Amino acid sequence: MQLKLGQINITDIQFGSETKVEKGVLYVNKEQVLAAVADERLTNISLELAKPGESVRILPVKDVIEPRLKIEGNGGVFPGFINKVDMVGSGTTLVLRGAAVVTTGSIVGFQEGIIDMSGPGADYSPFSKLNNLVIVCEAPEGLSQHEHEAAVRMVGYKAAACLAEAAAEAKVDSWEEYRHLNLYEGMKKYPELPRVAYVYMLQTQGLLHDTYVYGVDAKKILPTLMSPTEMMDGAIVSGNCVSACDKNTTYHHLNNPIIKDLYERHGKDLNFVGVIITNENVTLADKQRSSNFTAKLADMLGLDGAIVSQEGFGNPDTDLIMNCTKLEKLGIKTVIVTDEYAGRDGASQSLADADPLADATVTGGNANEVITLPAMDKVIGNTKSADIIAGGFDGSLAKDGSITVEIQAITGATNELGFNTLTTREI
Amino acid sequence: MVHMCTIVPISLTVGANRIVPTVAIPHPLGNPELPFEDEKALRRRLVSKALHALSTEVDGQKVFED
């Protein structure tokens, strides 16, 4: 499998009479996007822009999505949602790099996030550096949370697909190429290199914590093998509108840095064998079954090493530890990537579960740290949500418009793929 | 004390000594997929098991499986 990614660098976003890219500016035709995303379940959909450095706060953020367009090869981006369920991950895909769609509006559930485009909060979210088309979706009273989430989720994918059409006529600034060898080819080509796979844990607790793979609700899957290039075409998307700091937005799934880094080392000091996707379900039997299957697949692949990333926190710590210990017991050296809830002073136990075999850990930071986000000139979405997002508390929103919250309220702050700059250290 | 919980490994990690496994994280002591009478029986079974655990002497951590 071979995938070429054509990067089109977007340095600004503006509304215009047609949706197009010109000299790095993404022009957005409002009417065209609104027509593309129309959903009768929602009462109102409106569009706003949010650019790096502006005094703008977006909350409550549900998803962030990078516009991508497949121009050659099998299938289309976001299979199972925007395109048919053809296999993706090969051919050529164009990326509007530096642009994103952000969905917001009335709150669906506890734990949605904040993105500040400037000020101290901006340093905690990678999405403050993007040129964002923000879609504000209002739901009627009485719409169930699940319908609300599903509607807003589809609006995001559709908007991204609509913007991505503009890539077809744009000049490609740079190319990246990713090749995934089958097991036999990989073994033959790199017989001396350690065989390493990535175990990609997907949040699937239900109750608005869901992830979809080719349109399938991942809580219903058994762990399976995927080519790393499939993620780059949107085979995995987020239906997880909660747990802001450490959930994987669709943007993260498209740009997974663990996959990117493993590719950089592939053929040099390791053989990147592939990706095992697994879930984080809500019964003990599910957790045991999924971690058993993960370990079995790893064993069948003859791995020497594995990297396991978590999504979310709390009971998924058990999935993480089960995956890690079962791999270690097979003799597969395992590194886990997580974040921490170590209390505001950092003195508490960081994870709900632990094991001595989990002796190599990368952490994305302590989500309980408190920050005050000063007032912004403009708020897109719904400020009142501040008191009911995770990490917020009654009185989070002060009269002057500032918000005092734990950083768990900031979208992407302690991401467990290493998609941000935070970590922790022992003192 | 008895700890009734779904994710037994966490209960073991935090040091509970009498552990009764339950149904699922969103509904530890019930199962919305069951008919009312069956769910009531399930709930009674779990509470009875917890009372049994509470009246059992333990030496260290013990998980009260079926």
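**Notes on a two-chain model**

Author: A:Asn271 counts as buried because 25 C-beta neighbours lie inside 10 Å. The cut-offs for C-beta atoms placed from the backbone are these: 20 or more others within 10 Å of a residue's own is buried, 12 or fewer is exposed, and in between is partly exposed.

Reader: What kind of model is it, and how is it numbered?

Author: This is a predicted model, where local features need pLDDT of at least 70, side-chain atom pairs count only at pLDDT 80 or more, and totals for chains, interfaces and linings use all residues. Residues are numbered from 1 along each chain as its sequence is written, while chains are lettered from A and ligands numbered from 1 in the order in which they are written.

Reader: Back to A:Asn271. Which strand is it in?

Author: A:Asn271 sits in strand E19 of chain A. Strands (E, at least two residues) and helices (H or I, at least four) are DSSP runs, numbered from the N terminus.

Reader: And which residues is A:Asn271 in contact with, leaving aside neighbours within four places in sequence?

Author: A:Gly186, A:Tyr190, A:Leu193, A:Pro194, A:Arg195, A:Val196 and A:His266. Contact is defined by C-beta atoms, placed from the backbone, that lie within 7 Å. By C-alpha to C-alpha distance, A:Asn271 is 8.1 Å from A:Met187, and the two are 84 residues apart in sequence.

Reader: Helix H6 of chain A next. Which of its residues are buried?

Author: A:Ile258, A:Ile259 and A:Leu262 are buried in H6(A), which covers residues 257-265. They lie on the same side of H6(A), because they cover an arc of only 100 degrees around the axis. That arc is taken over the directions from the helix axis to the C-beta atoms.

Reader: Where is A:Leu207? Is A:Leu208 buried or exposed?

Author: A:Leu207 is found in the loop between E14 and strand E15 (209-213) of chain A, and A:Leu208 lies in that loop between E14 and E15 too. A:Leu208 counts as buried, with 20 C-beta neighbours inside 10 Å. A:Leu207 is partly exposed, with 14 other C-beta atoms within 10 Å.

Reader: Which peptide bond is cis?

Author: The one from A:Leu59 to A:Pro60 is cis, its omega being near -5 degrees. A:Pro60 belongs to strand E6 (residues 56-61) of chain A.

Reader: Now the core. Which residues touch the most other members of the largest nonpolar core?

Author: A:Val102, A:Ala159, A:Leu163, A:Ala197 and A:Ala306 do, in a core of 122 residues. Helix H2 (residues 145-164) of chain A gives the largest share of this core, nine residues. A second, separate core has 11 residues, including B:Cys5, B:Val8, B:Val20 and B:Ala53. A nonpolar core here is a set of buried Ala, Val, Leu, Ile, Met, Phe, Trp, Tyr and Cys residues joined through C-beta atoms within 7 Å.

Reader: What does A:Ala306 contact, beyond four places in sequence?

Author: A:Val196, A:Ala197, A:Val199, A:Ala298, A:Leu327, A:Ile332 and A:Thr334.

Reader: Switching to chain B. How many helices and strands?

Author: Chain B has two helices and three strands, and along the sequence they follow the pattern β-α-β-α-β. Of its 66 residues, 26% count as buried.

Reader: In what order do the strands form the sheet?

Author: The order is E1-E2-E3 in chain B, an open sheet with parallel pairing. Strands pair if DSSP finds at least two bridges between them. Strand E1 (3-5) and strand E3 (62-63) of chain B are the edge strands, each pairing on one side only.

Reader: How many residues does each chain bring to the contact?

Author: Chain A brings 12 residues and chain B brings 10 residues.

Note on methods:
Contact = placed C-beta atoms within 7 Å.
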